Amino acid sequence: MFRFVFRFLSLFCGGPPPESVVEVMDKHGDRILRVAYSYLHNMEDAEDILQDTLIKYMQSSPDFNGPEHEKAWLITVASNLSKNKIKYNKVREADELSEELVGREEQDLAFVWEAVKQLPVKYREVVHLFYQEGYSTGEIAKILDRKEATVRSDLLRARTQLKNILKEAYDFE
C-alpha cells in the first residue's frame, strides 16, 4: 500500500530505507496517514506528511521508552507537520475574484504614444524617459548628457507639439 513512500525514502536514503523505518512504516504507517488526513482532508497532502514524518524519524533517530512512546512521538510529529501544512496552505490561499475587486478599466492610450512617435527624436526621448520610464528631469539630463534646463524646455516643447498633433488628429482641446 505504501509503495510511494518506500520509493521516495529509497531516493532520499540513496538505497533501501533502514529496517527500522520499514518496521515503523508497517506498524504505524496507517495511523500516521489517518492522523494527517484528519487534519488536511487531502490524501496527497497526508501522504506528504507521512513521508515527512518518516524523514524526521530517520534524521533524529529518537530513543523511545517503549512502543507507546514511539507511537506518541510519531503522532505528535505528524500532527505538528499537518498543522504547519495547514498554515502554509492558508497563506497561499487566494480569494475568488469578486466583482468589487475587479480593477477599473484603464483607458487605452495607444493613440497618445502614436502621436509621440511623430515628435522629433530629441523630444520623443525625453517624453519616453519622463513618462514611460519615470525618470526625473535631473536624471534625464545625466542620461542624455544635457543640461536640466534643456530637458525641461524639451519637455515643454514636446507637450506643446503633442497637443497640436492630438488636436488635429483627434479633435482634442
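Is Phe64 buried, partly exposed or exposed, and what is its relative accessible area? Phe64 is partly exposed, at a relative accessible area of 22%; buried means under 20%, exposed over 50% and partly exposed in between, with a 1.4 Å probe and protein chains only.

1. Basis. This is a predicted model, in which local features need pLDDT of at least 70 and side-chain atom pairs count only at pLDDT 80 or more, while totals for chains, interfaces and linings use all residues. Residues are numbered from 1 along each chain as its sequence is written, and side-chain values use heavy atoms, with hydrogens and water left out.

2. Aromatic pairs. The structure holds four aromatic pairs. Rings of Phe, Tyr and Trp (its six-membered ring) pair if their centres lie within 6.5 Å; planes under 30 degrees apart count as stacked, over 60 as edge-to-face and the rest as tilted. One of the pairs joins Phe64 and Trp73, edge-to-face, at 5.8 Å centre to centre with 65° between the planes. Trp73 is partly exposed, with a relative accessible area of 22%. Phe130 and Tyr131 also pair edge-to-face, at 4.8 Å and 85°. Phe130 is partly exposed at 27%, and Tyr131 is partly exposed at 44%. Tyr57, Phe64 and Trp73 form one aromatic cluster.

3. Packing of α2 and α3. Helices are DSSP runs (H or I, at least four residues), and they are numbered from the N terminus. Helix α2 (residues 19-40) packs against α3 at about 140°, with the axes 8 Å apart. Axes are lines fitted to C-alpha atoms over the stretch in contact, and angles run from 0 to 180 degrees between N-to-C directions. The angle makes α2 oblique to α3; under 35 degrees would be roughly parallel, over 145 roughly antiparallel, 65 to 115 roughly perpendicular, and the rest is oblique. The contact (heavy atoms within 4.5 Å) includes Val24, Ile32 and Tyr37 of α2 and Ile49, Leu50 and Tyr57 of α3.

4. Leu50. Leu50 sits in helix α3 (residues 43-60). Its relative accessible area is 0%, so Leu50 is buried. The C-alpha atoms of Leu50 and Arg34 are separated by 9.4 Å, the two residues being 16 residues apart along the chain.

5. Helix α6. This helix (residues 121-132) has twelve residues and reaches 15 Å from its first C-alpha to its last, close to the expected 16 Å; the expected span is 1.5 Å times one less than the number of residues. Tyr123, Val126, Val127 and Leu129 of α6 are buried. Gly134 follows α6 and has a positive phi, near 80°.

Key. Helices (H or I, at least four residues) and strands (E, at least two) are DSSP runs, numbered from the N terminus.
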